[in-house]
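Here is a short briefing on one helix and the sheet beside it. Look at the structure first, then read the points below.

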Amino acid sequence: LDIDLRLAVDVSHLFIQRSQGALPDRTLRRLLESPQTEEIHVSDNDGCLDLHRSIGEQTFLLDWVRERADDLPVVLESYWHRTTPAARLDQIGLLAR
């Protein structure tokens, strides 16, 4: 952030860092407000491991992702090969709400 690099923000990683007490409010706020964000990665996890679970309404920062989905690339990190086409469409639909 301080050296003005372009950012890919992974909200799943941010949730893990928050859950582990390693991401202060000030740093999270700076990341979320940064104009340097050029890509967002999103998945759900348990706060300990980067599990690439499917997203849901409870997914950390989902509203923040939704607010930016029209302007920035969003990468849904999930094990889609284990899901049905309908479940994949549901995942995409969660971002559009």
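Ile40 stands opposite Val74, a residue of strand S3. The model is predicted: local features need pLDDT of at least 70, side-chain atom pairs count only at pLDDT 80 or more, and totals for chains, interfaces and linings use all residues. Residues are numbered from 1 along each chain as its sequence is written, and side-chain values use heavy atoms, leaving out hydrogens and water.

**The sheet**

- Three strands form an open sheet in the order S1-S2-S3, with parallel pairing; strands are DSSP E runs of at least two residues, and helices are H or I runs of at least four, numbered from the N terminus.
- S1 and S3 (74-76) are the edge strands, and each pairs on one side only.
- From one strand to the next, the twist averages 20°.
- S2 and S3 pair in the parallel sense over 3 bridges; pairing requires at least two DSSP bridges between two strands.

**Helix H1**

- H1 covers residues 11-19, and Val11, Ser12, Leu14 and Ile16 are buried in this helix (under 20% relative accessible area, 1.4 Å probe, protein chains only).
- The cover over these buried residues includes S1 (7-10), H2 (25-33), S2 (37-42) and H3 (62-68), where contact means heavy atoms within 4.5 Å.
- H1 lies across S1 and S2 and runs at about 60° to S1; axes are lines fitted to C-alpha atoms, for helices over the stretch in contact, and angles run from 0 to 180 degrees between N-to-C directions.

**Ends of H1**

- Asp10 caps the N-terminal end, with a side-chain oxygen 2.9 Å from the backbone nitrogen of Ser12.

Note on methods. Buried means under 20% relative accessible area, exposed over 50%, partly exposed in between (1.4 Å probe, protein chains only). A polar contact is a pair of N or O atoms within 3.5 Å; within protein, one must be able to donate a hydrogen and the other to accept it, and residues adjacent in sequence count only if both atoms are side-chain atoms.
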